Amino acid sequence: MNPLVVNNVVKHYADKTAVSGVQFEVSKGEIYGLLGANGAGKTTTMRMILGLIYPDQGDIRYNGKPYSNELLKNFGYLPEERGLYPKIRVSEQLIYLAQLKGMSAKDADRSLKNWLERFEVPENYNKRVEELSKGNQQKIQFISAVIHNPQFIIMDEAFSGLDPVNVELLKATVKELRDNGASIVFSTHRMEHVEELCRNITILHRSKEVIKGSVKDIKSKFPKEKVWLQTKQEVTGLDQITGVKAVHRHENGLEVEIADEKVASQILNHALSQTEIEHFQVKEPTLNEIFIRTVGDRNE
Amino acid sequence: MSNFWTVVRFTVMNKLKAKAFLISTLVFLLIISVVVNIPYIVMQFQGGGGDKVQTIGYIQDGDTLAATTGQQLEQYFANIEGSNLVFKGFATSGNAASDEETLKSELNAGELYSYLQFGEVTESGFPEISVKSEKLLDYSVASQIEGALQVIRHNNILSEAGLTDQQMKELQAPIVVDAVQIKGSLSAGNEGEGKSAEEQGINMGIIYFIIIFLFMAVMISGQMIASEVTAEKSSRVMEVLITSVSPLTSMFGKITGMFLIVIIQLASYLAVGAINLSLPHNADMLKEFNIDLSVVDPMLLVFSGLYFLAGFFLFATLYAALGSIVSRTEDLGNAVMPMTFISLAGFYIAIFSISTPDSLLVKICSHIPLFSPFVMVLRLGLTDIALWEVLISFAILIVTIYLAVVVSAKIYRTGVLMYGKRPSFKELRKAMKAYKI
């Protein structure tokens, strides 16, 4: 049985439904992606997993057991918005939070120093949170979620406010946590992160699941509708071929939108008859495109 | 349980380290030190009470009534030990205007503090007297003279009536009436005698002290608790906290931490006040109060302590719940207003009823949970209250605390995750149903 099982949960607020029938499982050492537009129900789902709010229907099981206060020590939570004491020193509040999670002050201190070292910000140990830059605050927030080595980690927009270098740093850390056996639920708006990190995802739209499954399966279910073409000389007349919907000229090649995968070979032949080919690829749809298509279309 | 003490320690340490808290405490300590020493300081400025002699001039005009009045005053004050008034007669030149000139010039030269002028003889048997001085509104000299003249006249009339010294002594002997309160039934206080006037006086002082102490503790810590909760909520650290520690533990940890802080704070005020009072130059003043704490009924202290703890806990719990409802510190003032009014009401009912501890108002209020911690100490200290009445009132208080804890914990649990506008009562109740605590 998987460590984290979310079983058909439903949550209503006053007169609106926040989450309706969400169901997924996260295995040991897996990062599960929870995607959706703003207000789709991601945060509500995460809060239910954390036991902050209780589902109106359905249930959530942790290692096969229902929620209880004993589980608190096993949770690590990185909220979407900053959740730190602005006026208290980093060391004091992180050691406090770690102590609440059952660590001794000494262990917490050692662990905090390691993490700060690792994130290349050991000088922040004695600073107040309000003195730190947004990126550095996010690092501290991240440490607060993982300092006690939790089994379940819930990350809501983990990489917001970070520069590309730091995103890589934290991404590597998340992967390491995964490899150490944590079950991670992860939400973000950056699809390239999802493609890199998540095995399985759920896309929520207006409180309902619209797409669910492994990233590979989801991608293969969507037709390949783009061809990338790089040639020595310019190719003309591509838009005459039936099945070509549009031709986009980029700086170093052509992107051709096609109605059907079969049209790709016609394009290749057409181009070969005119010039030499440097690069030809029938492109998989990106998650970004899938997301926009599923969520964007339904918005209309 | 370990989490509870972690929260308590964190709350206390942060408060003790906060600059604003330290500064305001220090300022208050300074104010206390100054206030306690004010009588002494004022005395220093006045020239040490009896030390500096004030000379008052008057014109000695032969055998006129005015002149004899002046002489009588001179004699009277000369006979009083420690009086700082000395009268000095000046020979008349026969001309009233030039006489006054003489006195004025003496005054200007600093020889005189003030001088007297006598006018027409009035019904009182003395001439009209005015005290002329450069000092503004110096009533003390005038009132001392008034007092002296009354005694002088009293003695004059009595001796004219031909009373013997013995009879005069008998007339002047003080009359004493002792007020002793007795006990009718089995009561919560000490057995037997009831409360003597001395005991009642001391009790009254202690009651004032307890009521003010409780009021300050509730006001200070209530505000602090509520604003800490709101601050945690608005900085969203609450979301992280309740995934680490149960809301109940966090709420009571905070309340306990604040309780310790307030006790530390008030104890330091008391200590500084006491140290100042026991300084050598204040020792005489303390002796005048004649405080004998041994006459205090221990039961009064025990019950007062219980009511203090219960009252503090009840208010603190409700303040924490109110703090959890609002999400921005700006809205906090409005939210805690009702609690502030209730504690003010309880405080004033108690303070204004201190001379009428038997009134119906006090009897009723001593059973109303939010008022009883203030009002019940009155009845305990000043009246002969039956033990069962105290127990009933305390039982009501305890039941209310239990209910308040349940409701507050629910509000807290619900409130800390509701952001945006302040939830309506209906929304709150609906959301509360969703939580087990």
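1. Angles below are taken between N-to-C directions and run from 0 to 180 degrees, with axes fitted to C-alpha atoms. On that scale, helix α4 (residues 96–108) of chain B runs at about 165° to β1(B). The helix lies across β1 (54–60), β2 and β3 of chain B. Please keep in mind throughout that this is a predicted model.

2. The sheet under that helix deserves a description. It is an open sheet of four strands in chain B, in the order β2-β1-β3-β4, and its pairing is mixed. β2 (85–91) and β4 (127–133) of chain B are the edge strands. Each has a single partner, so one side of each is left without a neighbour in the sheet. From one strand to the next, the twist averages 30°.

3. One pairing in this sheet can be followed residue by residue. Strand β3 (residues 114–121) of chain B pairs with β4(B) in the antiparallel sense, over six bridges. Within β4(B), B:Val131 is the residue opposite B:Leu116.

4. Helix α5 (residues 139–160) of chain B lies across β1, β2, β3 and β4 of chain B. Its angle to β4(B) is about 155°.

5. Chain A has nine helices and 13 strands. Its C-alpha atoms fill a box of roughly 75 × 45 × 35 Å along the principal axes. Of its 300 residues, 37% are buried. Take the contacts in chain A between residues at least 6 apart in sequence: 70% of them join residues at least 24 apart.

6. Chain A has an open sheet of four strands, with the order β11-β12-β10-β13 and antiparallel pairing. Which strands stand at the edges? They are β11 (244–250) and β13 (277–283) of chain A. Each has a single partner strand, so one side of each has no neighbour in the sheet. The twist here averages 15° from one strand to the next.

7. Inside that sheet, strand β10 (residues 226–231) and strand β12 (residues 253–258) of chain A pair in the antiparallel sense over four bridges. A:Lys226 stands opposite A:Glu257 in β12(A). Helix α8 (residues 263–272) of chain A lies across β10, β11, β12 and β13 of chain A. It runs at about 15° to β10(A).

8. Now the chain–chain contact. On the chain A side 23 residues take part, and they touch 18 residues of chain B. β5 (75–78) and α2 (90–100) of chain A are the elements that give two or more residues to this side. The largest share, four residues, comes from α2(A). By type, the chain A side divides into 16 nonpolar, four polar and three charged residues.

9. Why does B:Val245 count as buried? There are 23 other C-beta atoms within 10 Å, and 20 or more is the cut-off. Beyond its neighbours within four places in sequence, B:Val245 is in contact with A:Leu72, A:Leu100, B:Asn3, B:Val7 and B:Ser250. B:Ser366 is 121 residues from B:Val245 in sequence, and the two are 37 Å apart, C-alpha to C-alpha.

10. The largest nonpolar core has 136 residues. The members that touch the most others are A:Ile154, A:Ile184, A:Phe186, B:Ala316, B:Tyr319 and B:Ala320. Helix α11 (residues 298–325) of chain B gives the most to this core, with 14 residues. Another core, of 16 residues, lies apart from it; among its members are B:Tyr58, B:Tyr76, B:Phe87 and B:Leu112.

11. A:Ile184 is worth a look on screen. Not counting residues up to four places away in sequence, A:Ile184 touches A:Ile31, A:Tyr32, A:Ile153, A:Met155, A:Val174, A:Leu177 and A:Arg178.

12. Most residues other than glycine have a negative phi. A:Asn63 has a positive phi, near 50°. A:Asn63 lies in the loop between β4 (57–62) and β5 of chain A. It is partly exposed, with 15 C-beta neighbours inside 10 Å.

13. A:Ser207 also has a positive phi, of about 75°. This residue is in the loop between β8 (200–205) and β9 (208–214) of chain A. Is A:Ser207 buried or exposed? A:Ser207 counts as buried, because 21 C-beta neighbours lie inside 10 Å.

Methods:
Residues are numbered from 1 along each chain as its sequence is written. Chains are lettered from A and ligands numbered from 1 in the order in which they are written. This is a predicted model: local features need pLDDT of at least 70, side-chain atom pairs count only at pLDDT 80 or more; totals for chains, interfaces and linings use all residues. A nonpolar core is a set of buried Ala, Val, Leu, Ile, Met, Phe, Trp, Tyr and Cys residues joined through C-beta atoms within 7 Å. A residue is buried if 20 or more other C-beta atoms lie within 10 Å of its own, exposed if 12 or fewer, and partly exposed in between; C-beta atoms are placed from the backbone. Two residues are in contact if their C-beta atoms, placed from the backbone, lie within 7 Å. Ala, Val, Leu, Ile, Met, Phe, Trp, Tyr, Cys and Pro count as nonpolar, Asp, Glu, Lys and Arg as charged, and the others, Gly among them, as polar. Two strands pair if DSSP finds at least two bridges between them.
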